[in-house]
Amino acid sequence: FSSSWQTTFQDGGEEVEDGAVYNVTLKKVQIQQAANKGARWLGGEGDQLPPEHTVRQYETSKIRAIKAGTLEKLVENLLTAFGDADFSYISIFLATYRAFASPRAVLELLLDRFGNLETSSHGEVANLNSLESEMVLRAEIASVLRAWLDQCSEDFREPPDYVCLLKLLDYLKNNMPNSDMESRVQNLLKQFQNQEVEAVDGFCSTSSSDLGDGEELEISSPDFSSFQDHVVAEQLTYMDVMLFRRVVPYHCLGSIWSQRDKKENKNLAPTVRATITQFNAVTKCVISTILGTRELKIQQRAKIIEKWIHIAHECRILKNFSSLRAIISALQSNSIYRLKTTWMCVSKDVLLMYEELSEIFSDHDNYLTSRELLMKEATSKFANLDSSEKENQKKSQKRLQLQKTKGVMQGTVPYLGTFLTDLIMLDTALQDYVEGGLINFEKRRREFEVIAQIKLLQSSCNSYCLIPDQKFIQWFRRQQHLTEEESYKLSREAEAAADTNILSPKSQKSMVKRISTLFLGTDVFTPPKEQPLKSSPVGGSSGESTDSASVSSCEFNHSETEDVCVTPASSPEDPLKKSSVGSDKGYDSDKGSISSDKGSASSKGSIFDPGLGLDTGSIPTKDSGSVLSSVPKVLPLYNRQSGGSCIIRVSMDGLHASVYKSILITNQDRIPDVTQRALLKHNLEPDAVEDYELVQVISEDKELVFPRDANVFYGMNSHVNFDFILRKKA
């Protein structure tokens, strides 16, 4: 019979149990159907009949989602979440639990406390007196284990002992003998043991030796110009896809990624490090091909720049935003940007193409353009190309049509730094624990919104059908990378410093932020004073360069990281006199800050919008151990005071200004509290508070020094960048 229904949701408040707090939502379903057989026989729809011919029924169900709890309660919830209609809980837990627990702790709770039917004293389990109930529990545990193996099998990779995997195998032999699950775990153990020879260092090396199959080819080194543009783009995409698909999502969590600079964590998050290493290798390759040969004439060097711009365009067609951004970053590095005469020889059409590609990574509105583009193309079969220049538009459409004719679908390789920034900002802004020492699982739900995007894009990468070209891959690996000092010296040899005085950094705004050292400890040097890029008053770049360790965008290192950055310029002044591409926000954007729209409920087009769907509440300091009553409606921001809180950046006196730590402060924090947290973030002794003073950088020659017990939030100058220095007292 015909019927229609309408669903509404209503906030049901909170339910508090021993060791857990739940959010309750009431789901009300209104079912409307024909009241008599005649109407049903005539096929009348309920909503098309008069009221007297319809019957309305209401069904109300309760959705219970855990908000905070002890580890024991969170693990128990894995077995009960489905019954509470919290259908995404298992996926969220598995993707984020590494931030607050180890695989071994979770497995022991799951198997020993809840999975052992004979010895368990847990209330729910203790009352299982029937075989049917025992089978239900066994099925629930099997469902959780199956999801764990499906989604996070890497959690069990613990060479050489594989303690967790062996414990799981032992449990299955005793409780689910001869099951498919047991066979699967045995195969996984064999697989890990066979792969044990692959060392982490080998996986992270710049050689990326596992990217191409086959033996090393004995070939003479080919000339870069001999590779077709689309071949280079395809091979870069092939390498990026191989690495991005291997990224373990929890490695991107802010609480994990932000700890990589500690000495004991040199092997932390290897899958993320590998993608960054590849990004840096592409950037260095661009610079070395342009500057590496001293004998090149200006026109020849301009042709190489044109070739890289065409390759970047091919990456755009392939929806490879990682290598695309790496190429743009390299072309905007100090040593390449300053080649004014060379850029003057680049053709008009190619310059227009370059500006359009650069605009993708404009930092305006928290990288709104690149975020919207990623949302639009995340799962589309082909790139959506729009160009204001007719010639470029024709070329793009021709290439796309060729792809469609061949039936070649494309995945999407993102610039991973955007997600790392979002996750680190979440980790900085939201507490790990709430009142009563309960794990703040609402924070993990928010983090999963970002993790889910990464997983979706990883899945889309399965659409690529790319074949490795050993000739190019060997050439790429053998490239001699220049240090920043070497590249700048060669750049000055190619074009004297006097020719670059016309370039004013004030008229050249950056859309790719800065070239940066990502995670390797490197030495900093100061280039010669004749360097065209002078330091901005509070820009955080101070005209210093990085060495050869790594070259990339600073967004990879946004918060709670140690990085050495230099502000690259936009496209140099060219014959077209085009206005510079990028943000109109000024130097705060160039410093890698999250824009003022970040986290607000009105932010547009963001893949990850941290300001939506949250309750209002106080915003205590993450590191102070104060109680978080609820999640803030608008997350704290850098360079903006809102809701009684903000995020500041604190660097140590004597280090590069870009080596900073992000710290959340509220309107209750005074100098000793902030100083202590800054010392902790910089891995210094927190008890040494009395030995340091905290100052805010106002301009190049002005500082604001705070009295001993001043309130930082109200005392700071909110009209300049929220950049502070921690200085040892004289």
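**Arg-138**

I looked up Arg-138 first: its relative accessibility is 22%, so I put it down as partly exposed (buried is under 20% relative accessible area, exposed over 50%, partly exposed in between, with a 1.4 Å probe and protein chains only). The model is predicted, so I kept in mind that local features need pLDDT of at least 70, that side-chain atom pairs count only at pLDDT 80 or more, and that totals for chains, interfaces and linings use all residues. Residues are numbered from 1 along each chain as its sequence is written, and side-chain values use heavy atoms, leaving out hydrogens and water.

Which side chain does Arg-138 meet in a salt bridge? It is Glu-134, at 2.6 Å, N to O (a salt bridge needs a side-chain nitrogen of Lys or Arg within 4 Å of a carboxyl oxygen of Asp or Glu). Both sit in helix H6 (residues 131-152), four residues apart, about one turn of the helix. Helices (H or I, at least four residues) and strands (E, at least two) are DSSP runs, numbered from the N terminus. Glu-134 is partly exposed too, at 27%.

**Other salt bridges**

I found 31 salt bridges in the structure. One of them joins Glu-15 and Lys-62 at 2.9 Å, N to O. That pair links distant parts of the chain, with Glu-15 in strand E1 (residues 3-17) and Lys-62 in strand E3 (residues 54-69), 47 residues apart. Glu-15 is partly exposed at 24%, and Lys-62 is partly exposed at 43%. I also noted a salt-bridge network whose members include Glu-15, Lys-62, Arg-64 and Asp-84.

Arg-444 and Asp-432 pair at 3.0 Å, N to O. Arg-444 is in helix H21, while Asp-432 is in the loop between H20 and strand E4 (433-434), 12 residues away. Arg-444 is buried at 1%, whereas Asp-432 is partly exposed at 24%.

**H20 against H21**

How do H20 and H21 pack? I get an angle of about 170 degrees between H20 (residues 417-429) and H21 (residues 441-460), with their axes 10 Å apart. The two are therefore roughly antiparallel (over 145 degrees; under 35 is roughly parallel, 65 to 115 roughly perpendicular, the rest oblique). Contact here means heavy atoms within 4.5 Å. Among the contact residues are Phe-419 and Leu-423 of H20 and Arg-446 and Val-450 of H21. The contact splits into seven nonpolar, one polar and five charged residues.

**Cysteines**

I searched the whole structure for disulfides and got zero (sulfur atoms of a cysteine pair within 2.5 Å). Cys-465 is exposed at 64%, but Cys-646 is buried at 0%.

Technical notes. Axes are lines fitted to C-alpha atoms, for helices over the stretch in contact, and angles run from 0 to 180 degrees between N-to-C directions. Ala, Val, Leu, Ile, Met, Phe, Trp, Tyr, Cys and Pro count as nonpolar, Asp, Glu, Lys and Arg as charged, and the others, Gly among them, as polar.
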